[in-house]
Amino acid sequence: MNAGTVVAATLHRIAGTVLNLFPFRRRCATMSVAVTVISLPLASCHFAADAVARNPNVLFLAVDDMKDWVNCLGGYEGTVHTPNIDRLAERGMLFTNAHCASPKCAPSRAATMTGLRPSTTGLYDNGHWWLPNLSDVVTIPQHFRNHGYRVVGAGKIFHHTAGNNPPNQWDDFFRLTFRNDPWFRSVRLNYPWSKFGPNPDGFPFSDVQGLGHENDWGSLGIPAEEFDDTLSADYAVNFLQSRPSGSAPFFLACGLFRPHLPWYVPQKFFDLYPITDVVLPEVRDDDLDDVPDGGLAFAGARRSDFQAIRKANAWKRAVRAYLASISYADQQLGRVLDTLDRSPHALNTVIVLWSDHGWHLGEKGHWHKSTLWEEATRVPLIISSLRYRPGVCDRPVSLLDLYPTLIELCTSGQQPAALDGVSLVPLLQDPKTEWNRPAVIEYKQGNVAVRGDRYRYIRYRDGGEELYDHKTDPHEWNNLAASTDHAVTRKKLTGWITEQWAEPALTKRAFRFDPDAFTWTRKTTGNITHGKDK
(Lines give C-alpha, C1' and ligand atoms only; values in the text may rest on other atoms or scores of the structure.)
Protein backbone atom coordinates (compact mmCIF):
# COMPACT_ATOMS: atom_id res chain seq x y z
CA MET A 1 0.00 0.00 0.00
CA ASN A 2 1.50 3.39 -0.97
CA ALA A 3 1.52 6.51 1.18
CA GLY A 4 -1.08 8.23 -0.98
CA THR A 5 -3.59 5.47 -0.25
CA VAL A 6 -2.94 5.83 3.47
CA VAL A 7 -3.49 9.58 3.28
CA ALA A 8 -6.71 9.16 1.32
CA ALA A 9 -8.06 6.74 3.90
CA THR A 10 -6.89 8.97 6.75
CA LEU A 11 -8.58 12.01 5.28
CA HIS A 12 -11.75 10.01 4.73
CA ARG A 13 -11.81 9.20 8.47
CA ILE A 14 -11.04 12.86 9.25
CA ALA A 15 -13.87 13.90 6.95
CA GLY A 16 -16.20 11.59 8.83
CA THR A 17 -15.11 13.12 12.11
CA VAL A 18 -15.54 16.68 10.87
CA LEU A 19 -18.92 15.93 9.36
CA ASN A 20 -20.15 14.54 12.65
CA LEU A 21 -19.23 17.80 14.34
CA PHE A 22 -20.50 20.24 11.72
CA PRO A 23 -23.74 20.23 9.65
CA PHE A 24 -22.08 20.11 6.22
CA ARG A 25 -23.40 17.92 3.45
CA ARG A 26 -21.37 14.73 3.62
CA ARG A 27 -21.16 14.09 -0.09
CA CYS A 28 -19.83 17.55 -0.92
CA ALA A 29 -17.33 17.57 1.91
CA THR A 30 -16.00 14.16 0.98
CA MET A 31 -15.51 15.30 -2.60
CA SER A 32 -13.53 18.31 -1.37
CA VAL A 33 -11.26 16.05 0.63
CA ALA A 34 -10.62 13.90 -2.43
CA VAL A 35 -9.41 16.98 -4.32
CA THR A 36 -7.14 18.01 -1.45
CA VAL A 37 -5.31 14.67 -1.50
CA ILE A 38 -3.72 15.47 -4.85
CA SER A 39 -1.76 18.43 -3.52
CA LEU A 40 -0.56 16.98 -0.21
CA PRO A 41 3.21 17.12 0.30
CA LEU A 42 5.13 13.89 0.65
CA ALA A 43 5.98 14.71 4.26
CA SER A 44 2.29 14.55 5.10
CA CYS A 45 2.07 11.15 3.43
CA HIS A 46 4.88 9.84 5.61
CA PHE A 47 3.24 11.30 8.71
CA ALA A 48 -0.06 9.61 7.92
CA ALA A 49 1.63 6.27 7.20
CA ASP A 50 3.52 6.46 10.48
CA ALA A 51 0.31 7.31 12.35
CA VAL A 52 -1.36 4.05 11.36
CA ALA A 53 1.74 1.86 11.43
CA ARG A 54 1.63 1.26 15.19
CA ASN A 55 -0.56 -1.46 16.69
CA PRO A 56 -3.97 0.15 16.21
CA ASN A 57 -6.75 0.12 18.75
CA VAL A 58 -9.86 -1.95 18.03
CA LEU A 59 -13.47 -0.92 18.48
CA PHE A 60 -15.39 -4.18 18.24
CA LEU A 61 -19.12 -3.52 17.85
CA ALA A 62 -21.60 -6.40 17.97
CA VAL A 63 -25.35 -6.43 17.54
CA ASP A 64 -27.75 -9.30 18.09
CA ASP A 65 -30.19 -10.94 15.67
CA MET A 66 -29.76 -8.11 13.15
CA LYS A 67 -30.52 -9.32 9.66
CA ASP A 68 -29.74 -7.41 6.48
CA TRP A 69 -32.45 -4.85 7.22
CA VAL A 70 -30.07 -1.90 7.36
CA ASN A 71 -30.25 0.85 4.80
CA CYS A 72 -26.81 0.24 3.31
CA LEU A 73 -27.61 -3.45 2.66
CA GLY A 74 -31.11 -2.93 1.27
CA GLY A 75 -32.63 -6.05 2.80
CA TYR A 76 -35.83 -4.28 3.86
CA GLU A 77 -38.24 -3.26 1.11
CA GLY A 78 -39.36 -0.12 2.95
CA THR A 79 -37.43 2.62 4.73
CA VAL A 80 -35.25 1.67 7.69
CA HIS A 81 -33.52 4.35 9.74
CA THR A 82 -29.88 3.32 10.30
CA PRO A 83 -27.89 6.52 9.73
CA ASN A 84 -24.98 5.53 11.94
CA ILE A 85 -24.45 2.10 10.43
CA ASP A 86 -24.73 3.73 7.03
CA ARG A 87 -22.06 6.34 7.78
CA LEU A 88 -19.75 3.65 9.14
CA ALA A 89 -20.28 1.78 5.86
CA GLU A 90 -19.23 4.93 3.98
CA ARG A 91 -15.91 5.06 5.82
CA GLY A 92 -15.13 1.33 5.86
CA MET A 93 -15.47 -1.80 3.78
CA LEU A 94 -19.08 -2.96 3.63
CA PHE A 95 -19.30 -6.71 3.05
CA THR A 96 -22.64 -7.31 1.36
CA ASN A 97 -22.37 -11.11 1.26
CA ALA A 98 -21.28 -11.81 4.85
CA HIS A 99 -22.61 -14.77 6.82
CA CYS A 100 -22.52 -16.18 10.31
CA ALA A 101 -20.80 -19.44 11.18
CA SER A 102 -24.02 -20.76 12.73
CA PRO A 103 -27.51 -19.20 12.87
CA LYS A 104 -27.95 -19.28 16.65
CA CYS A 105 -26.47 -17.07 19.36
CA ALA A 106 -24.14 -19.28 21.39
CA PRO A 107 -22.60 -21.35 18.55
CA SER A 108 -22.26 -18.29 16.32
CA ARG A 109 -20.53 -16.20 18.96
CA ALA A 110 -18.33 -19.03 20.15
CA ALA A 111 -17.23 -19.62 16.55
CA THR A 112 -16.58 -15.91 15.92
CA MET A 113 -14.62 -15.41 19.13
CA THR A 114 -12.54 -18.59 18.85
CA GLY A 115 -12.18 -18.61 15.06
CA LEU A 116 -13.32 -22.24 15.02
CA ARG A 117 -16.34 -23.79 13.33
CA PRO A 118 -18.98 -25.67 15.31
CA SER A 119 -17.87 -28.82 13.49
CA THR A 120 -14.37 -28.26 14.90
CA THR A 121 -15.43 -27.58 18.51
CA GLY A 122 -18.69 -29.53 18.89
CA LEU A 123 -20.43 -26.35 20.10
CA TYR A 124 -23.60 -26.79 18.07
CA ASP A 125 -26.31 -25.15 20.18
CA ASN A 126 -27.03 -22.88 23.15
CA GLY A 127 -26.73 -25.68 25.70
CA HIS A 128 -22.93 -25.75 25.90
CA TRP A 129 -20.44 -23.71 27.90
CA TRP A 130 -17.44 -23.14 25.67
CA LEU A 131 -14.60 -22.69 28.20
CA PRO A 132 -14.81 -26.00 30.12
CA ASN A 133 -14.98 -27.74 26.74
CA LEU A 134 -12.16 -25.72 25.14
CA SER A 135 -9.92 -24.68 28.00
CA ASP A 136 -6.80 -24.37 25.80
CA VAL A 137 -8.34 -22.20 23.07
CA VAL A 138 -7.09 -18.61 22.76
CA THR A 139 -10.00 -16.31 21.94
CA ILE A 140 -9.92 -12.90 20.27
CA PRO A 141 -9.84 -10.94 23.56
CA GLN A 142 -7.23 -13.26 25.05
CA HIS A 143 -5.07 -12.85 21.95
CA PHE A 144 -5.12 -9.09 22.35
CA ARG A 145 -4.38 -9.31 26.07
CA ASN A 146 -1.41 -11.51 25.21
CA HIS A 147 -0.15 -8.75 22.90
CA GLY A 148 -0.21 -5.96 25.44
CA TYR A 149 -3.63 -4.48 24.73
CA ARG A 150 -5.99 -3.16 27.38
CA VAL A 151 -9.01 -5.41 26.72
CA VAL A 152 -12.39 -4.24 28.00
CA GLY A 153 -16.02 -4.68 27.04
CA ALA A 154 -19.68 -4.35 27.81
CA GLY A 155 -22.96 -6.05 26.95
CA LYS A 156 -23.28 -9.17 24.82
CA ILE A 157 -20.11 -10.38 23.11
CA PHE A 158 -20.06 -14.07 23.94
CA HIS A 159 -23.52 -15.57 24.54
CA HIS A 160 -25.43 -13.71 27.23
CA THR A 161 -26.33 -16.51 29.66
CA ALA A 162 -24.11 -17.02 32.70
CA GLY A 163 -20.90 -18.94 32.16
CA ASN A 164 -20.33 -17.90 28.57
CA ASN A 165 -18.39 -14.71 29.25
CA PRO A 166 -15.60 -15.63 31.71
CA PRO A 167 -13.84 -12.76 33.52
CA ASN A 168 -10.45 -14.09 32.44
CA GLN A 169 -11.17 -12.96 28.90
CA TRP A 170 -11.07 -9.29 29.89
CA ASP A 171 -9.21 -6.68 31.91
CA ASP A 172 -12.61 -5.18 32.70
CA PHE A 173 -16.18 -5.92 31.62
CA PHE A 174 -19.58 -4.33 32.24
CA ARG A 175 -22.00 -7.23 32.59
CA LEU A 176 -25.45 -7.32 30.99
CA THR A 177 -27.89 -8.17 33.81
CA PHE A 178 -31.29 -7.57 32.14
CA ARG A 179 -32.56 -4.78 34.36
CA ASN A 180 -35.42 -4.03 31.96
CA ASP A 181 -37.12 -7.43 31.67
CA PRO A 182 -36.47 -9.47 34.84
CA TRP A 183 -39.72 -11.39 34.34
CA PHE A 184 -37.97 -13.38 31.60
CA ARG A 185 -34.98 -14.29 33.81
CA SER A 186 -36.34 -17.00 36.09
CA VAL A 187 -33.77 -19.70 35.28
CA ARG A 188 -31.08 -19.12 37.91
CA LEU A 189 -28.50 -21.19 36.04
CA ASN A 190 -28.68 -18.73 33.17
CA TYR A 191 -29.36 -15.49 35.06
CA PRO A 192 -27.85 -15.65 38.57
CA TRP A 193 -27.14 -11.89 38.53
CA SER A 194 -30.63 -10.84 37.45
CA LYS A 195 -33.43 -10.00 39.85
CA PHE A 196 -36.32 -12.16 38.71
CA GLY A 197 -39.79 -10.77 39.24
CA PRO A 198 -43.37 -11.44 38.17
CA ASN A 199 -44.88 -10.24 34.93
CA PRO A 200 -45.68 -6.53 35.25
CA ASP A 201 -49.08 -4.93 34.80
CA GLY A 202 -49.96 -4.71 31.13
CA PHE A 203 -47.90 -7.72 30.09
CA PRO A 204 -47.74 -8.83 27.33
CA PHE A 205 -47.17 -5.34 25.98
CA SER A 206 -47.67 -6.66 22.46
CA ASP A 207 -51.26 -7.62 23.34
CA VAL A 208 -50.57 -11.00 21.74
CA GLN A 209 -51.26 -13.90 24.08
CA GLY A 210 -49.46 -17.22 24.09
CA LEU A 211 -46.11 -16.25 22.59
CA GLY A 212 -42.88 -18.05 23.50
CA HIS A 213 -40.08 -16.95 25.82
CA GLU A 214 -39.03 -13.30 25.34
CA ASN A 215 -41.39 -12.84 22.39
CA ASP A 216 -42.90 -9.49 23.31
CA TRP A 217 -42.50 -5.86 22.32
CA GLY A 218 -43.27 -2.37 23.60
CA SER A 219 -41.72 0.81 25.00
CA LEU A 220 -41.93 -0.02 28.76
CA GLY A 221 -42.41 3.64 29.70
CA ILE A 222 -39.01 4.00 31.37
CA PRO A 223 -36.43 6.74 30.66
CA ALA A 224 -34.29 6.08 27.59
CA GLU A 225 -31.11 6.29 29.64
CA GLU A 226 -32.20 3.30 31.75
CA PHE A 227 -32.34 0.76 28.91
CA ASP A 228 -29.71 -1.96 29.13
CA ASP A 229 -28.11 -1.25 25.76
CA THR A 230 -27.86 2.44 26.61
CA LEU A 231 -25.85 1.47 29.69
CA SER A 232 -23.59 -0.78 27.63
CA ALA A 233 -22.98 2.07 25.18
CA ASP A 234 -22.38 4.39 28.15
CA TYR A 235 -19.53 2.13 29.24
CA ALA A 236 -17.90 2.36 25.81
CA VAL A 237 -18.42 6.13 25.67
CA ASN A 238 -16.91 6.62 29.11
CA PHE A 239 -13.92 4.43 28.27
CA LEU A 240 -13.17 6.38 25.09
CA GLN A 241 -13.55 9.70 26.87
CA SER A 242 -11.23 8.74 29.71
CA ARG A 243 -8.56 6.81 27.79
CA PRO A 244 -5.56 9.11 27.41
CA SER A 245 -3.55 9.31 24.21
CA GLY A 246 -0.18 7.64 24.35
CA SER A 247 -1.39 4.78 26.56
CA ALA A 248 -1.23 1.13 25.59
CA PRO A 249 -3.45 0.15 22.67
CA PHE A 250 -6.94 -0.99 23.56
CA PHE A 251 -9.47 -3.55 22.39
CA LEU A 252 -12.92 -2.20 23.28
CA ALA A 253 -15.91 -4.49 22.70
CA CYS A 254 -19.44 -3.14 22.91
CA GLY A 255 -22.20 -5.69 22.39
CA LEU A 256 -25.80 -4.53 22.02
CA PHE A 257 -28.65 -6.93 22.77
CA ARG A 258 -31.11 -5.39 20.35
CA PRO A 259 -32.71 -6.27 18.02
CA HIS A 260 -32.84 -9.55 19.98
CA LEU A 261 -36.20 -10.28 21.58
CA PRO A 262 -37.94 -8.85 23.53
CA TRP A 263 -38.23 -5.76 21.38
CA TYR A 264 -38.36 -3.28 24.24
CA VAL A 265 -37.05 0.13 23.16
CA PRO A 266 -38.04 3.76 23.82
CA GLN A 267 -41.24 4.94 22.15
CA LYS A 268 -39.52 7.44 19.87
CA PHE A 269 -38.06 4.55 17.86
CA PHE A 270 -41.51 3.07 17.31
CA ASP A 271 -42.60 6.51 16.16
CA LEU A 272 -40.07 6.35 13.33
CA TYR A 273 -42.26 3.69 11.71
CA PRO A 274 -45.93 4.56 11.22
CA ILE A 275 -47.81 1.30 11.02
CA THR A 276 -49.19 2.20 7.59
CA ASP A 277 -45.62 2.45 6.24
CA VAL A 278 -44.46 -0.93 7.51
CA VAL A 279 -43.70 -3.35 4.66
CA LEU A 280 -44.19 -7.04 5.41
CA PRO A 281 -41.84 -9.65 3.98
CA GLU A 282 -43.01 -11.14 0.71
CA VAL A 283 -44.06 -14.74 1.27
CA ARG A 284 -45.62 -17.53 -0.78
CA ASP A 285 -48.06 -20.11 0.47
CA ASP A 286 -46.33 -22.85 -1.53
CA ASP A 287 -42.80 -21.83 -0.57
CA LEU A 288 -42.08 -25.00 1.40
CA ASP A 289 -43.45 -27.43 -1.19
CA ASP A 290 -39.98 -28.16 -2.61
CA VAL A 291 -38.12 -28.11 0.71
CA PRO A 292 -36.83 -31.45 2.11
CA ASP A 293 -37.66 -32.77 5.55
CA GLY A 294 -34.62 -31.23 7.24
CA GLY A 295 -35.61 -27.77 6.09
CA LEU A 296 -39.25 -28.33 7.00
CA ALA A 297 -38.21 -29.24 10.53
CA PHE A 298 -36.16 -26.05 10.94
CA ALA A 299 -38.94 -23.92 9.43
CA GLY A 300 -41.55 -25.45 11.72
CA ALA A 301 -39.68 -24.80 14.97
CA ARG A 302 -41.54 -22.17 17.03
CA ARG A 303 -43.96 -21.57 14.14
CA SER A 304 -46.68 -21.27 16.76
CA ASP A 305 -45.37 -17.78 17.54
CA PHE A 306 -45.85 -16.69 13.95
CA GLN A 307 -49.29 -18.26 13.86
CA ALA A 308 -50.32 -16.48 17.05
CA ILE A 309 -49.04 -13.15 15.73
CA ARG A 310 -50.95 -13.52 12.48
CA LYS A 311 -54.07 -14.68 14.27
CA ALA A 312 -53.94 -11.53 16.40
CA ASN A 313 -53.49 -9.40 13.26
CA ALA A 314 -50.19 -8.24 14.76
CA TRP A 315 -47.69 -9.09 12.02
CA LYS A 316 -47.17 -5.45 11.03
CA ARG A 317 -46.87 -4.40 14.66
CA ALA A 318 -44.24 -7.07 15.25
CA VAL A 319 -42.22 -6.04 12.19
CA ARG A 320 -42.50 -2.44 13.34
CA ALA A 321 -41.05 -3.41 16.71
CA TYR A 322 -38.13 -5.19 15.04
CA LEU A 323 -37.42 -2.11 12.92
CA ALA A 324 -37.65 0.12 16.01
CA SER A 325 -35.14 -2.13 17.77
CA ILE A 326 -32.74 -1.85 14.84
CA SER A 327 -32.95 1.94 14.93
CA TYR A 328 -32.47 1.99 18.70
CA ALA A 329 -29.33 -0.14 18.36
CA ASP A 330 -28.17 2.14 15.55
CA GLN A 331 -28.44 5.19 17.80
CA GLN A 332 -26.33 3.54 20.50
CA LEU A 333 -23.71 2.66 17.90
CA GLY A 334 -23.77 6.28 16.78
CA ARG A 335 -23.08 7.50 20.30
CA VAL A 336 -19.99 5.30 20.51
CA LEU A 337 -18.77 6.27 17.03
CA ASP A 338 -19.26 9.97 17.75
CA THR A 339 -17.22 9.65 20.92
CA LEU A 340 -14.43 7.85 19.09
CA ASP A 341 -14.38 10.57 16.43
CA ARG A 342 -13.98 13.24 19.11
CA SER A 343 -11.27 11.31 20.95
CA PRO A 344 -7.49 11.28 20.41
CA HIS A 345 -7.88 7.69 19.16
CA ALA A 346 -9.93 8.49 16.05
CA LEU A 347 -7.06 8.08 13.60
CA ASN A 348 -5.56 4.93 15.08
CA THR A 349 -8.55 2.64 15.67
CA VAL A 350 -9.83 -0.24 13.56
CA ILE A 351 -13.63 -0.44 13.74
CA VAL A 352 -15.53 -3.69 13.25
CA LEU A 353 -19.31 -4.03 13.23
CA TRP A 354 -20.97 -7.44 13.03
CA SER A 355 -24.20 -9.24 13.88
CA ASP A 356 -24.20 -12.81 15.14
CA HIS A 357 -26.87 -13.98 12.63
CA GLY A 358 -30.06 -12.93 10.89
CA TRP A 359 -33.73 -13.42 11.64
CA HIS A 360 -36.94 -14.64 10.00
CA LEU A 361 -40.05 -12.47 10.21
CA GLY A 362 -42.36 -14.87 8.37
CA GLU A 363 -40.18 -15.80 5.40
CA LYS A 364 -40.63 -19.51 4.70
CA GLY A 365 -43.33 -19.57 7.35
CA HIS A 366 -40.71 -19.18 10.05
CA TRP A 367 -40.35 -16.85 13.05
CA HIS A 368 -36.96 -16.59 14.80
CA LYS A 369 -33.50 -17.68 13.56
CA SER A 370 -32.06 -21.23 13.41
CA THR A 371 -32.33 -22.07 9.72
CA LEU A 372 -29.77 -22.36 6.94
CA TRP A 373 -31.53 -19.93 4.60
CA GLU A 374 -30.38 -16.43 3.69
CA GLU A 375 -32.69 -14.70 6.17
CA ALA A 376 -30.98 -16.39 9.09
CA THR A 377 -27.35 -16.31 7.93
CA ARG A 378 -26.74 -13.01 6.12
CA VAL A 379 -25.44 -10.32 8.46
CA PRO A 380 -24.15 -6.76 8.44
CA LEU A 381 -20.34 -6.70 8.48
CA ILE A 382 -18.22 -3.55 8.20
CA ILE A 383 -14.47 -3.16 8.77
CA SER A 384 -13.00 0.33 8.86
CA SER A 385 -9.23 0.76 8.87
CA LEU A 386 -7.29 3.85 7.87
CA ARG A 387 -4.88 1.62 5.98
CA TYR A 388 -7.49 0.92 3.32
CA ARG A 389 -9.92 2.86 1.20
CA PRO A 390 -13.64 2.55 1.93
CA GLY A 391 -15.60 0.40 -0.46
CA VAL A 392 -18.16 -2.32 -1.02
CA CYS A 393 -17.27 -6.00 -1.31
CA ASP A 394 -19.74 -8.61 -2.58
CA ARG A 395 -17.45 -11.61 -2.09
CA PRO A 396 -18.84 -14.31 0.25
CA VAL A 397 -17.18 -14.03 3.66
CA SER A 398 -17.72 -15.47 7.12
CA LEU A 399 -17.61 -14.11 10.65
CA LEU A 400 -14.95 -16.79 11.16
CA ASP A 401 -12.72 -14.51 9.11
CA LEU A 402 -12.75 -11.71 11.71
CA TYR A 403 -10.17 -13.29 14.01
CA PRO A 404 -7.43 -13.79 11.39
CA THR A 405 -8.25 -10.38 9.90
CA LEU A 406 -7.73 -8.61 13.23
CA ILE A 407 -4.52 -10.54 13.79
CA GLU A 408 -3.12 -9.29 10.49
CA LEU A 409 -4.36 -5.73 11.00
CA CYS A 410 -3.23 -5.31 14.60
CA THR A 411 -0.71 -7.84 15.89
CA SER A 412 1.67 -8.46 13.00
CA GLY A 413 0.00 -11.64 11.86
CA GLN A 414 1.05 -13.72 14.88
CA GLN A 415 -1.66 -16.39 14.86
CA PRO A 416 -2.15 -18.33 18.11
CA ALA A 417 -3.17 -21.61 16.47
CA ALA A 418 -4.92 -23.06 13.43
CA LEU A 419 -8.07 -21.08 12.71
CA ASP A 420 -10.93 -22.02 10.39
CA GLY A 421 -11.29 -18.59 8.82
CA VAL A 422 -8.96 -16.58 6.59
CA SER A 423 -7.85 -12.96 6.69
CA LEU A 424 -10.01 -10.49 4.78
CA VAL A 425 -7.11 -8.07 4.32
CA PRO A 426 -6.80 -8.98 0.60
CA LEU A 427 -10.41 -7.84 0.19
CA LEU A 428 -9.74 -4.68 2.16
CA GLN A 429 -6.93 -3.97 -0.28
CA ASP A 430 -9.06 -4.80 -3.33
CA PRO A 431 -12.72 -5.82 -2.86
CA LYS A 432 -12.80 -7.25 -6.41
CA THR A 433 -9.77 -9.47 -6.00
CA GLU A 434 -10.11 -13.12 -6.96
CA TRP A 435 -11.81 -14.99 -4.10
CA ASN A 436 -12.60 -18.64 -4.61
CA ARG A 437 -13.81 -19.32 -1.09
CA PRO A 438 -17.53 -19.48 -0.17
CA ALA A 439 -19.03 -18.93 3.26
CA VAL A 440 -19.86 -22.17 5.07
CA ILE A 441 -22.62 -22.15 7.68
CA GLU A 442 -23.37 -25.02 10.05
CA TYR A 443 -26.38 -25.57 12.27
CA LYS A 444 -26.51 -28.53 14.62
CA GLN A 445 -24.45 -31.56 13.79
CA GLY A 446 -24.56 -32.62 10.14
CA ASN A 447 -26.49 -29.68 8.62
CA VAL A 448 -24.56 -27.23 6.45
CA ALA A 449 -25.03 -24.45 3.90
CA VAL A 450 -22.50 -23.16 1.37
CA ARG A 451 -23.00 -19.59 0.13
CA GLY A 452 -21.03 -18.56 -2.93
CA ASP A 453 -21.09 -15.43 -5.04
CA ARG A 454 -24.40 -16.40 -6.63
CA TYR A 455 -25.71 -19.68 -5.28
CA ARG A 456 -26.63 -21.16 -1.90
CA TYR A 457 -26.42 -24.92 -1.44
CA ILE A 458 -27.82 -26.68 1.65
CA ARG A 459 -27.39 -30.28 2.71
CA TYR A 460 -29.17 -31.67 5.75
CA ARG A 461 -28.03 -34.49 7.95
CA ASP A 462 -30.47 -36.89 6.33
CA GLY A 463 -29.14 -36.07 2.84
CA GLY A 464 -31.88 -33.63 1.81
CA GLU A 465 -30.65 -30.86 -0.48
CA GLU A 466 -31.52 -27.34 -1.60
CA LEU A 467 -29.94 -25.08 -4.20
CA TYR A 468 -30.91 -21.46 -4.87
CA ASP A 469 -29.81 -18.97 -7.50
CA HIS A 470 -29.69 -15.55 -5.86
CA LYS A 471 -29.38 -13.76 -9.17
CA THR A 472 -32.82 -14.89 -10.29
CA ASP A 473 -34.36 -15.97 -6.97
CA PRO A 474 -33.30 -13.72 -4.06
CA HIS A 475 -36.18 -15.02 -1.91
CA GLU A 476 -35.00 -18.63 -2.26
CA TRP A 477 -38.37 -19.80 -3.53
CA ASN A 478 -37.22 -22.30 -6.19
CA ASN A 479 -35.16 -25.26 -5.06
CA LEU A 480 -32.87 -26.25 -7.96
CA ALA A 481 -31.10 -29.15 -6.26
CA ALA A 482 -32.65 -31.71 -8.61
CA SER A 483 -32.13 -29.62 -11.75
CA THR A 484 -29.75 -31.20 -14.28
CA ASP A 485 -29.07 -27.71 -15.64
CA HIS A 486 -27.40 -26.85 -12.33
CA ALA A 487 -25.53 -30.11 -11.74
CA VAL A 488 -22.12 -28.50 -12.27
CA THR A 489 -22.86 -25.72 -9.80
CA ARG A 490 -24.18 -28.18 -7.26
CA LYS A 491 -21.07 -30.36 -7.58
CA LYS A 492 -18.77 -27.37 -7.16
CA LEU A 493 -20.49 -26.23 -3.96
CA THR A 494 -20.65 -29.72 -2.50
CA GLY A 495 -16.85 -29.68 -2.51
CA TRP A 496 -17.06 -27.28 0.43
CA ILE A 497 -19.46 -29.38 2.49
CA THR A 498 -18.18 -30.23 5.96
CA GLU A 499 -16.93 -33.82 6.00
CA GLN A 500 -15.64 -34.20 9.56
CA TRP A 501 -18.01 -33.31 12.39
CA ALA A 502 -16.82 -33.21 15.99
CA GLU A 503 -18.92 -35.03 18.53
CA PRO A 504 -21.20 -32.63 20.42
CA ALA A 505 -19.40 -30.89 23.26
CA LEU A 506 -20.45 -31.64 26.83
CA THR A 507 -23.66 -29.88 27.75
CA LYS A 508 -24.31 -27.81 30.84
CA ARG A 509 -25.69 -30.88 32.58
CA ALA A 510 -22.16 -32.31 32.71
CA PHE A 511 -20.93 -29.55 35.03
CA ARG A 512 -21.67 -27.74 38.28
CA PHE A 513 -21.24 -24.04 37.64
CA ASP A 514 -20.41 -21.61 40.46
CA PRO A 515 -21.23 -18.09 39.20
CA ASP A 516 -19.43 -16.38 42.09
CA ALA A 517 -16.14 -18.26 41.82
CA PHE A 518 -16.74 -18.62 38.08
CA THR A 519 -15.71 -22.26 38.03
CA TRP A 520 -17.08 -25.36 36.34
CA THR A 521 -16.72 -28.72 38.06
CA ARG A 522 -17.03 -31.80 35.86
CA LYS A 523 -19.53 -34.02 37.64
CA THR A 524 -17.97 -37.33 36.62
CA THR A 525 -14.33 -36.47 37.32
CA GLY A 526 -14.29 -33.53 39.72
CA ASN A 527 -11.98 -31.60 37.39
CA ILE A 528 -12.34 -27.85 37.80
CA THR A 529 -12.08 -25.22 35.07
CA HIS A 530 -11.42 -21.69 36.26
CA GLY A 531 -12.97 -18.68 34.54
CA LYS A 532 -11.10 -16.05 36.52
CA ASP A 533 -7.44 -15.09 36.33
CA LYS A 534 -5.48 -16.93 39.00
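Reply: To begin with the naming, helices are DSSP runs of at least four residues, numbered from the N terminus. The model here is predicted. Helix H10 is followed by Arg302, whose phi is positive, near 60°.

Me: Which residues of helix H10 are buried?

Reply: As a general idea, an α-helix has 3.6 residues a turn, so residues three or four places apart point the same way. In H10, which spans residues 293–300, the buried residues are Gly294, Gly295, Phe298 and Ala299. Viewed down the axis of H10, these buried residues fall within an arc of 130°, so they line one face of the helix.

Me: What covers the buried residues of H10?

Reply: The cover includes helix H11 (303–311) and strand E18 (465–469).

Me: How many cavities of 30 Å³ or more does the structure hold, and what lines the largest cavity?

Reply: There are seven such cavities, and the largest cavity holds about 100 Å³ of space. Its lining consists of 14 residues, with Glu363, Lys364, Glu375, His475 and Trp477 nearest its centre.

Me: How many disulfides does the structure hold?

Reply: A disulfide is a covalent bond between the sulfur atoms of two cysteines. The structure holds zero disulfides. For Cys254, the nearest cysteine sulfur, that of Cys105, is 16 Å away.

Methods: Residues are numbered from 1 along each chain as its sequence is written. This is a predicted model: local features need pLDDT of at least 70, side-chain atom pairs count only at pLDDT 80 or more; totals for chains, interfaces and linings use all residues. Side-chain values use heavy atoms; hydrogens and water are left out. Buried means under 20% relative accessible area, exposed over 50%, partly exposed in between (1.4 Å probe, protein chains only). Helices (H or I, at least four residues) and strands (E, at least two) are DSSP runs, numbered from the N terminus. The arc is that of the directions from the helix axis to the C-beta atoms. Contact means heavy atoms within 4.5 Å. On a 1 Å grid over the protein atoms alone, a cavity is a set of points where a 1.4 Å probe fits but cannot get out, and a pocket is an open set with protein on both sides within 12 Å along at least five of seven lines; lining residues have an atom within 4 Å of a point. Grid points are joined across faces, edges and corners, and a volume is the space filled by probe spheres set on the points. A disulfide is a pair of cysteine sulfur atoms within 2.5 Å.
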